[in-house]
Amino acid sequence: MNELVQRFLRYVAFNTQSNPANSSCPSSEGQMTFAQFLKQELVELGLSDVSLDSNGYLMARLPSNVEYEVPAIGFIAHMDTAPDASGENVTPQIVEDYQGGDIALGKGDQVLSPIQYPDLHKLHGHNLITTDGTTLLGADNKAGIAEIISAMAELIAHPEIPHGEICIGFTPDEEIGRGANLFNVEKFGAQWAYTIDGGPVGELEYENFNATSADVICHGVNVHPGTAKGKMVNSMNIAAQFQMMMPSDETPECTEGYQGFYHLKSASMSVARSELGYIIRDFDREGQQTRKQFMTDKVAELNSKLKQGRVELKLTDSYFNMKEQVEPYPHIIELAKQAMIACDVEPQIKPIRGGTDGARLSFMGLPCPNIFTGGYNFHGIHEFISIEGMEQAVKVIVTLAEKTALNYQ
Ligand SMILES: [Zn+2]
């Protein structure tokens with residue numbers, strides 16, 4: 001079995017599920033255990049400046065092997081797995097030379113079916129790694145870690161491949177939205193970086209949503225229902241009216257591609273007080289502003305119909321589209337595209353209908369698009385990865401390092 005696969009299998013054996021209920025960083029002990037293990041591997045591989053801080057951020061460097069100035073570039077992956085499915089006792093199974101049809105997962109009745117996941121049709125002849133149906137696999141993002149480390153090993157074994165300084169960073173708690181929080185961009189030292197955290201081969205992403213949360217708070221008046229006439233104000237009715245004022249076709253279930261939406265994702269209700277939790281998403285900064293204004297106007301409209309102050313709106317921006325930070329430096333995307341093409345991988349540029357740590361890092365001064373890992377169906381028991389896809393990711397990382405050096409020759 002090749003070194004890349006062995007690495008990956010070693011890593012998924014660690015339970016690194018992050019825990020949103022724990023406010024410390026890292027949010028689970030398993031992540032620190034894994035980080036210490038990886039630190040040892042990086043040292044043994046011969047990387048420089050290997051450091052693990054008390055929050056679980058692991059960084060290292062591969063020094064430049066050329067005489068001329070090349071900007072330092074970085075590769076980043078996250079060590080935690082999603083809280084959505086168990087990451088304990090992951091028992092991967094390898095399906096050699098997949099020829100189509102259902103794949104039984106372990107001894108249970110779970111199957112991985114091309115009817116449910118048509119991407120499998122494109123993977124005939126591939127060697128796949130799946131779960132045993134009881135846990136997630138953890139390819140998100142341990143495949144990224146294995147691919148980055150294998151690429152560094154490749155560069156070390158082949159000193160004839162020119163490259164500038166390469167910075168690598170493994171972060172905790174990405175799945176609970178905190179991966180960028182304590183990332184020290186200055187210490188990392190790269191001028192730009194790539195997260196290796198995408199899905200199918202070819203994925204290259206540098207556009208993500210602008211994200212705002214919008215809490216609508218409706219104030220009512222509670223009175224015993226027997227004597228409520230003319231006195232009770234039921235805040236749940238106000239909340240219902242507000243929701244009816246929202247555009248019914250601009251929701252997650254009615255939109256795709258570059259379309260934005262309003263999403264009512266939670267509600268807590270009683271007669272006296274009701275709170276609606278919305279998220280607003282739009283790729284365009286102005287479009288996002290228009291959406292925020294739309295909600296503000298609807299609140300004002302409702303307040304002028306009712307008593308002023310019955311409805312309140314709290315808007316909080318959470319992250320922005322990294323495109324703003326990446327587009328001024330077109331070579332960041334251009335080099336990634338060239339590297340893929342040189343590896344016979346067709347770049348698939350598509351917008352991320354969500355956010356990434358890379359988006360946050362981009363606004364912290366480290367432009368950071370996202371590249372594929374070769375994995376599918378992240379965050380659940382149907383997660384799997386193609387070994388050939390992983391190998392292509394390693395090649396792309398190596399070639400990207402090389403192309404960057406040649407570009408500045
Ligand atoms: Zn991920």
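Glu-3 pairs up with Arg-10 in a salt bridge, their closest N and O atoms being 3.8 Å apart. That counts under the rule used here, which asks for a side-chain nitrogen of Lys or Arg within 4 Å of a carboxyl oxygen of Asp or Glu. Both partners are partly exposed: Glu-3 has a relative accessible area of 40%, and Arg-10 has 30%. (Buried means under 20% relative accessible area, exposed over 50%, and partly exposed in between, using a 1.4 Å probe on protein chains only.) Arg-7 makes a salt bridge too, with Glu-41, at 3.7 Å between the closest N and O atoms. The rule finds 17 salt bridges.

Before going on, keep in mind that this is a predicted model: local features need pLDDT of at least 70, side-chain atom pairs count only at pLDDT 80 or more, and totals for chains, interfaces and linings use all residues. Residues are numbered from 1 along each chain as its sequence is written, and side-chain values use heavy atoms, with hydrogens and water left out.

Now for the overall layout. The domain assignment, which is automatic or comes from a database, gives domain 1 (3–207 + 321–407) and domain 2 (210–319). Their centres, taken over C-alpha atoms, are 38 Å apart.

How do the two domains meet? Ten residues of domain 1 are in contact with eleven of domain 2, where contact means heavy atoms within 4.5 Å. About 900 Å² is buried between them, and carbon and sulfur atoms give 47% of that. Buried area here is the accessible area (1.4 Å probe) that two parts lose on being put together, summed over both. On the domain 1 side, Asn-321, Pro-351 and Arg-353 lose the most area to domain 2, together 58% of what that side buries. The rule finds one salt bridge across this interface.

Let's head inside. A nonpolar core is a set of buried Ala, Val, Leu, Ile, Met, Phe, Trp, Tyr and Cys residues joined through side-chain atoms within 4.5 Å. The largest one has 65 residues, and Phe-8, Phe-75, Met-152 and Phe-170 have the most contacts inside it. Take Phe-75: leaving aside neighbours within four places in sequence, its contacts include Ile-148, Met-152, Phe-188, Tyr-194 and Leu-400. There is also a second, separate core of 16 residues, with Met-246, Leu-276, Ile-280 and Leu-302 among them.
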